[in-house]
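Please look through the sequence and the model below before reading on.

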Amino acid sequence: MDTFMIVVESIIIGALVGFGVGAGAARMFHAPNVQGMGAFRTFGELNACAGDPISHFSFGLGFLFNSWASVVGAGALTQDVEHRILPNWAAAVLLSKNKNVEETLHNPKKMAFAGAAVGAVVVTLLNSTAAAIPVSMQLVATEVLVPAANWLINPIMPIVFWMAAIDAGQRTGLWGTVLGGLSHLIMGNAVPGIVLGILIGKGVDDSGWNRLTKTMVTAVVLLFVLSGFFRGFDAALLHSIDVDVPQWLIDLHKFFGSVVK
Amino acid sequence: METTNQQTKGFWYSEWAFPLFVAFLSAGIFAGTHLYYVYRVGAFNDIAVVAMLEAGLKGGSFGAAAAFGASFLFARVLEGPLVGILDIGGSLQTGVGIGIPAMLLGAGITAPLTSFPLALLTGAGLGLLIGGVIILIRKFTINSANSTFGADVMMGAGNAAGRYLGPLIVISAIMASIPVGIGATIGAAVFYYYKKPIAGGAILGAMLLGAIFPIATQ
């Protein structure tokens, strides 16, 4: 029964996702005049396959193996499904009939429908095979993949993003360092803060302190204050410097449904 | 970007069609998270990110997943209209697929994740909203800003971080048990030889030998 529900829902989910990915990917070829959707690496990889259906297909196939292992191990499809497999296989399907990329890969309508068909098949295949995996293999996945993924989130990703921020210039390095540290304190991971630091640093580098960059800084400060409050960082900070948390602060937290000591 | 003489008129190229495409995609992604919530399969994200949601489901604290997802969504929605490409991974897969569900679960709201139709509706609504905001920002900024806000830097870092996963899996496998470690090492080497991502080979190799020689549980 579970498998049946997974198959039915996967077909619907795959078709919806494939439709959006296909249309978004084709629109990328008309950016920035038309708002596209995908990623720069997806765009670059689609261009790298140069409209050759075999290249598009095998590029997607490589990542299908990766995704399959990941979905079997952890139930996660990996971002490659939407960034690589679906757009490249949709392109491969269309290009096998017509090699002219302007009429196929760059056409949002054709890519949307090809994407929907490919999505329904790929997502269903990945999700339904994962359900039939023996316990011993699931155990390997949790014992091997979970620690590896945890190391990747912390400390590898923070360090890699931090270095990238520092290498990108003094302003991004400074904003990345400050927001990264604060983000690790408040949110438990430095990456979101470093990403925002790069965003602000590069924005100011390229276009100066205008209304847009000032609005961004305001929004970032607000984001930090709010997430700090909702994660109880204010109370934890007071505790760690041996200051009693005032009653009004406890009441304020209670008002928003969170409990602090 | 290289095609300027092509016709870009009509529904499929229009600004207002964009929120619709985002709605389709978001509905699918949010429903994928529903599938994960109910059956532990089908979340549209990398293991590392789904692991954050899993940590919330196991331990009850959704803070990390919520904050991580929300800040990615925020950053990508700002960046998307400026560069003309909305990053699906950060905005929709991580923001809509992980961050928003984590916030809902953290607040004790489970209905959009237990019910498939409700998941589709919630996702579609969020997608319309996000697509609409992007088109709005586009209207106000497309002519005033000529910055990519470091999108290239973040993308470079994202790709660089991804490369670490393969070696990490091999090391983790070796620490799990000797046969699993040998399997991961051989798998990684074979995939490397055939110019495939070594993470995939390491996982398949570890699982193959792990199925023959199961890891002892204490």
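With which residue does B:Arg76 form a salt bridge? The partner is B:Asp87, and the closest N and O atoms of the two are 3.8 Å apart.

## Basis of the report

This is a predicted model, in which local features need pLDDT of at least 70 and side-chain atom pairs count only at pLDDT 80 or more, while totals for chains, interfaces and linings use all residues. Residues are numbered from 1 along each chain as its sequence is written, chains are lettered from A in the order in which they are written, and side-chain values use heavy atoms, with hydrogens and water left out.

A:Glu45 lies in helix 2 and A:Arg84 in helix 4 of chain A, so the pair ties together parts that are 39 residues apart in sequence; helices (H or I, at least four residues) and strands (E, at least two) are DSSP runs, numbered from the N terminus. A:Glu45 and A:Arg84 also belong to a network of salt bridges that includes A:Asp80.

In chain B, B:Lys139 and B:Glu15 form a salt bridge at 3.8 Å, N to O, and this pair links helix 6 with the segment before helix 1, 124 residues apart. B:Lys139 is exposed because its relative accessible area is 57%, whereas B:Glu15, at 24%, is partly exposed; buried means under 20%, exposed over 50%, and partly exposed in between, with a 1.4 Å probe and protein chains only. B:Arg76 and B:Asp87, the pair of the opening question, are both buried.

## The interface

Where the chains meet, 103 residues of chain B are in contact with 95 residues of chain A, contact being heavy atoms within 4.5 Å. The two chains bury about 8,700 Å² between them, 75% of it on carbon and sulfur atoms; buried area is the accessible area (1.4 Å probe) that two parts lose on being put together, summed over both. In chain B, B:Trp12, B:Phe149 and B:Met207 lose the most area to chain A, together 8% of what that side buries. The count of salt bridges between chain B and chain A is 0.

Methods. A salt bridge is a side-chain nitrogen of Lys or Arg within 4 Å of a carboxyl oxygen of Asp or Glu.
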